[in-house]
Amino acid sequence: MIASSLPARIPIACLRKKVIDQIVANGIVTGCSYALVAFGFALIYNTTRIFHFAHGAVYTFSIYVLYSLQTKLAVPTWVAILFSLALTALLGVGIDEVVYQPLVRKKSSLLLLLSSLATYMTIVNLLIMVYGNEIKVLNPEIQSTYVFGNVLLSRLQVNTILFAVAILTSASLALRLTKAGRMIRALRDDVDLLSALGVNPRFLRWLVFALGSALAGVAAVLQGLDVGANPNSGLLMFVSGAVAVIIAGGRAFEAAIVGAFVIGVLHAFAVWEFAGRWEESVTFLLLILFLLLRPEGIFARTRRVEESA
Amino acid sequence: MKYSLHVANMMAIYAILSLSLNLLVGYTGLLSLCHAAFFGVGAYISTLLVTNTTLPFFLCVAIGVAGTIILSCLISFPSLRLRGDYFVLASLGFQTIVFFVLYNWVEVTSGPFGIAGIRSPHIFSWILDTPHEYLLLSLSAAVLSGLLLYFLGASPFGRVLKAIREDELAAASLGKNIRLFKVTAFAIAAGFAAFAGAVFAGYLRYIDPTMFGLTESVFILSIIIVGGAGNTLGPVVGTFLLVLFPEVLRFLGVPESIGPNLRLVIYSLAVIIIMRFRPQGLAGEYKYQ
Amino acid sequence: MSCLYLYRVTKRFGGVSAVNNISLEFEEGKIAALIGPNGAGKTTLFNLIGGQIRPDEGEILCDGVNLSRKNPWQVAKAGVGRMFQDARVFQNLSVRDNVMLAFPGQAGESAMWSLFARPAVGRQEFLLNKQANALLKTVGLLDDAGRRARELSYGQQKLLAVARLLASRPRVLLLDEPTAGVTPRTAEKILGILRGVAAAGNTVVVIEHNMNIVSQFVDVVHFMEWGRVTLSGLPEAILEESHVKHVYLGAHAV
C-alpha cells in the first residue's frame with residue numbers, strides 16, 4: 001500500500017521541500033532584522049533593566065531620517081544611511097538622558113516602563129504628524145534576484161544577511177575584546193559594582209544606548225529599503241525583538257540572536273500558513289505563546305525569596 | 001450646547017473606563033494595556049445582539065459584560081503568573097490580537113467598515129436618541145459604576161488588592177490567594193470596561209475596530225496616570241481633563257488632520273512629566289513603586 | 001505532642017545543597033531558635049516551610065497536614081505564619097489596615113459579598129476593628145493606627161509586623177531575626193509577646209544571631225551549618241559547645 005501511494009506523492013514532496021526551503025530562507029532574512037533589534041534591546045534591557053519600549057520608536061525614527069535625507073537632500077544612499085544611524089544613536093542616548101536618568105533614583109521599573117511607553121507614543125505620533133500615516137517608498141528600483149538551489153533571494157535580502165552577520169559578529173566581538181565592551185558585560189551583571197570600582201557608569205550607559213539604538217537603526221534601514229517606511233512598523237519590530245530576548249532567557253546578549261531567528265522562521269511559516277490579513281497577528285500570537293509556554297525563560301533566575309518584591 | 005452634551009456623555013463613559021482600570025493599576029498594581037480590548041469586546045457583543053436580535057437593550061448589555069468577563073478570565077488566568085514587565089507585554093499582545101480579530105473577522109464584525117445604524121436603546125417606549133436624553137443613561141451608568149467600584153476599593157477586598165500591590169509575598173504569607181484576587185480584579189475591571197463599551201456603542205450608534213486599538217488603551221492609561229491612581233478622585237480628575245482637552249485644541253484652531261496625533265503627543269509628554277515630578281498624578285494616591 | 005515536623009528535607013540550588021536532609025520537630029508551647037553562620041540555610045529552611053520554595057526531597061507536616069507541596073497562601077491558611085527579616089509591612093497602607101487585612105476568614109474579601117452584603121461585611125469589620133485595636137495596643141501602636149506604615153520607625157514597623165502576624169492567628173510562628181536592628185526596649189517587648197504566644201500553646205521558631213537572647217529566652221536551640229542541623233539541645237548546652245563558640249566568638253575564645 002505504501003509502495004502504491006509513493007509515485008503520486010513524490011512530486012508533491014519535492015514541491016513542499018522547495019517551498020519549505022524558501023520559507024526558511026525568508027524567515028532567516030526577517031530573523032536578521034529581528035536579531036539586530038533584539039541584540040540592541042538586549043544590550044539596553046540586560047544592562048539597565050529598563051523595558052525600553054521606545055526602542056520601537058527609535059527604529060521607526062531611523063527609517064524616516066533616511067527617507068528625508070534621500071528625498072529632500074538627495075545625498076548618496078550610504079552617506080544618508082550613516083547619518084541616519086548617527087542620529088538614531090543620538091536619539092537613544094537622548095532618551096536615556098532626558099527620560100530615564102531622572103527616574104533611575106526612584107528604583108521603580110513600573111515608572112520607567114510607563115515613561116518608555118509614553119516616549120514611544122510621543123515619537124511615533126510626532127513622526128505621523130510630520131510624515132503622515134501612509135507607507136513611504138524609499139527604494140523604488142526593482143531588485144535583481146539571485147538563485148541559490150531552491151531559494152530565490154533579492155539583492156537587498158542578500159545584503160541584509162551579509163550586513164546583519166557582519167555587524168552582529170563585530171558587535172559581539174567588540175563586547176568581548178575591547179575594554180569598554182567588557183565593562184558593558186560587567187554592567188549586565190552588577191550596576192553597583194562598577195561605580196564602586198570607579199568606572200563611570202553614565203558613560204557606559206551612553207555607549208549602551210548609542211550602540212543598541214544604532215543596531216535597531218541598521219535593521220530599520222535594511223527593512224525600510226525593502227518594504228518602505230511605515231510609522232507603525234516599530235511596535236512590531238520591538239515586540240519581536242523583546243520576545244527574542246525573552247525566549248533567550250539567559251543574560252548572554254548573543255542568545256537573543258538565536259531567539260530572533262527562531263521567531264523569524266516561525267513567523268515565515270505562520271504567514272505562509274495563514275497568509276494575508278492575519279499576518280501581523282502572528283507576531284503577537286507568538287509573543288503570547290512564548291510568554292505562556294516558556295516560563296523558564298521568563299522568570300528571574302532563583303534569587304533569595306526576600307529580594308523579590 | 002449640543003457639543004457640551006456630547007462631551008458630558010463621553011466623560012461619563014471614560015469615567016467608567018478609567019475607574020475600572022484604576023482597580024487594576026491603582027489598587028492591584030497591575031499595569032494592563034488591554035483595557036480598550038475589553039471596551040471593544042463589550043461594545044461589539046452587545047451591538048451584535050442589539051442589531052441581530054430583538055432582545056431588550058439591557059439584556060444585550062448584560063450578555064456583553066458576561067462574555068467579556070469570561071474572555072478576561074481566559075486571558076488573565078494563564079498570564080497573571082508572569083511578573084511585571086512580561087505581564088505588560090502579554091497584555092499588549094492580547095490588545096493587539098483582539099484588535100486584529102475585530103478588524104479581520106469581517107463575517108461577524110464587518111471589519112474595518114464597522115457597524116453603523118445601531119438602534120438607540122429604549123426604556124419601554126421611551127427611545128433615548130438625543131444627547132441629553134442619553135446623558136441620563138450614561139450618567140447613571142457612570143454613577144452606578146463609580147459607586148460600585150468605590151465600595152469595592154474601600155472594602156476588605158480592596159484592602160487585599162492594595163496589599164498585593166505593596167508586597168505580594170507578604171500578602172501571600174498572610175494566607176491571601178494572590179492569583180485569585182488578581183483574576184477577580186481583572187474580571188471586574190473587564191466587566192466594567194465592557195459595560196462602558198455597550199453604553200458607548202448605544203450612544204454613538206456606530207462602532208469600528210479603530211476605536212478600540214492600542215492607542216485607546218494607552219489613552220485610558222494616561223487618564224489615570226495624569227489624574228492619579230489608587231483612589232476615586234484621581235481617575236475622575238484625569239477623565240475630566242483629558243476628555244475636555246481635544247475641545248481645547250479645537251478651540252485653539254488646531255487643524256483636524258493633525259489633531260488626534262498632536263493630542264497623543266501632548267498626553268504622552270504629560271505622562272513623562274508626571275512620572276518624573278509627581279508620580280501619584282494630580283489627585284491620586286499610588287506612586288508606582 | 002508536637003506541631004511542626006520536618007522529615008529529611010533537602011533543597012539544592014545548582015549543585016549546592018542549601019538544606020541537606022534535615023529532620024526536625026518543633027514542639028507546641030516552646031520557643032525554638034535556629035542559629036548558625038551566614039549561609040547555613042536558616043532562611044532557606046523558613047522559605048521551605050513557608051512554601052516560598054519547594055523542597056526537592058522530604059516532607060513538612062503541620063498538625064498532620066502535608067505542607068511540602070503547598071503554596072505560601074495555603075501554608076499560611078494551614079496555620080503557619082511568617083515574619084520576614086525586614087518586617088515587610090505594607091508601606092502605603094495605614095497601620096490599622098496592615099493588621100485588619102491579616103485576619104483570616106473575612107467574608108468581605110469576596111468581591112460579591114463586599115458589594116451585595118454590605119451590612120454583614122460592615123458588622124464583621126466592626127468586630128475586627130476592635131480586635132485590631134487590642135492587638136495594636138499590645139504592641140503599643142494604637143496611637144499610630146491612622147498613620148501610614150512607612151511613617152513608622154524601623155522598630156515600630158517590626159512591632160507592626162508582629163501585630164499583623166498575630167492577627168493572622170497562626171499556630172506556628174516563624175520569625176526571621178525579629179529583634180535585629182531594634183532598640184533593646186522594643187526587642188524586650190517583642191520577646192515578651194512571643195513568650196506569651198508560646199505559653200498559649202503555639203509553636204514559635206526564631207532565627208536569632210544575638211546569643212544573649214538565645215541563652216536567656218529560648219527553650220531549644222538548633223545549630224545549623226552547611227545546610228545541616230549539627231547540634232540540637234538546650235541553649236546552655238549548645239552555647240557551651242566549643243565549636244559553636246568558635247563560630248560565634250572567633251578562634252581566640254576557644
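The dialogue below concerns a predicted model.

Q: Let us begin with chain C. How many helices and strands does the secondary structure of chain C come to?

A: The model is predicted, and its chain C has 10 helices and 10 strands. The C-alpha trace of chain C spans about 65 × 40 × 35 Å along its principal axes. Its radius of gyration is 19 Å, close to the 18 Å from the globule rule for 254 residues, so chain C is as compact as a globular protein of that length. Of the 254 residues in chain C, 46% are buried. Among the contacts in chain C with a separation of 6 or more, 65% come from residues 24 or more positions apart.

Q: In what order do the six strands of the open sheet in chain C stand?

A: The general idea comes before the case. Strands of a sheet pair through backbone hydrogen bonds, either parallel or antiparallel. In chain C the order is β6-β7-β8-β3-β9-β10, with mixed pairing. Strands β6 (80–83) and β10 (228–233) of chain C are at the edges with a single partner strand each, so one side of each has no neighbour in the sheet. On average, neighbouring strands of this sheet are turned by 20° against each other, direction ignored.

Q: Which way do β7 and β8 of chain C run, parallel or antiparallel?

A: Strand β7 (residues 172–176) and strand β8 (residues 203–207) of chain C run parallel and are joined by five bridges. C:V172 stands opposite C:T203 in β8(C), and C:D176 stands opposite C:I207. The pairing of β3(C) with β8(C) is also in the parallel sense, over four bridges. There C:L34 stands opposite C:I207.

Q: Which residues of β8(C) point one way and which the other way?

A: In a regular strand the side chains alternate between the two faces of the sheet. In β8(C), one way is taken by C:T203, C:V205 and C:I207, the other way by C:V204 and C:V206, and all are buried. With five of its five residues buried, β8(C) is therefore largely enclosed by the rest of the structure.

Q: Which strands of chain C does helix α1 lie across?

A: Helix α1 (residues 42–50) of chain C lies across β3 (31–35), β6, β7, β8 and β9 (220–225) of that chain, and runs at about 145° to β7(C). Helix α7 (residues 184–199) of chain C also packs on the sheet, where it touches β3, β7 and β8. The direction of α7 makes about 145° with that of β8(C).

Q: Now for chain A. In what sequence do the elements of chain A run from the N terminus on?

A: Chain A has 11 helices and two strands, and the elements run α-α-α-α-β-β-α-α-α-α-α-α-α from the N terminus. Buried residues are 47% of the 309 in chain A.

Q: What do β1(A) and β2(A) form?

A: They form a hairpin with two residues between the strands, and A:G149 in the turn has a positive phi of about 60°. Strand β1 (residues 145–148) and strand β2 (residues 151–154) of chain A run antiparallel and are joined by four bridges. Within this pairing, A:Y146 stands opposite A:L153.

Q: Which residues are buried in α5(A)?

A: An α-helix has 3.6 residues a turn, so residues three or four places apart point the same way. In α5(A), the residues A:Q157, A:T160, A:A164, A:L168, A:A171 and A:L175 are buried. Helix α5 (residues 155–177) of chain A has 23 residues and reaches 32 Å from its first C-alpha to its last, close to the 33 Å expected at 1.5 Å a residue.

Q: How far apart are the end C-alpha atoms of helix α9 of chain B?

A: They are 39 Å apart, which agrees with the 39 Å that the 27 residues of α9 (residues 178–204) of chain B should span at 1.5 Å a residue. Most of α9(B) is covered, with 23 of its 27 residues buried. Just after α9(B), B:R205 has a positive phi of about 60°.

Q: How many residues does the contact take from chain A and from chain B?

A: The size of an interface is often given as the accessible area lost when the parts come together. Here the description is by residues: 37 from chain A and 35 from chain B. On the side of chain A that touches chain B, α3 (77–104), α4 (109–131), α9 (233–248) and α11 (279–293) of chain A each supply at least two residues. The largest share, 15 residues, comes from α4(A). By type, that side of chain A divides into 27 nonpolar, eight polar and two charged residues.

Definitions and conventions: Residues are numbered from 1 along each chain as its sequence is written. Chains are lettered from A and ligands numbered from 1 in the order in which they are written. This is a predicted model: local features need pLDDT of at least 70, side-chain atom pairs count only at pLDDT 80 or more; totals for chains, interfaces and linings use all residues. Two strands pair if DSSP finds at least two bridges between them. Axes are lines fitted to C-alpha atoms, for helices over the stretch in contact, and angles run from 0 to 180 degrees between N-to-C directions. Two residues are in contact if their C-beta atoms, placed from the backbone, lie within 7 Å. The expected span of a helix is 1.5 Å times one less than its number of residues. A residue is buried if 20 or more other C-beta atoms lie within 10 Å of its own, exposed if 12 or fewer, and partly exposed in between; C-beta atoms are placed from the backbone. Ala, Val, Leu, Ile, Met, Phe, Trp, Tyr, Cys and Pro count as nonpolar, Asp, Glu, Lys and Arg as charged, and the others, Gly among them, as polar. The radius of gyration is taken over C-alpha atoms; the globule rule is 2.2 Å times the number of residues to the power 0.38.
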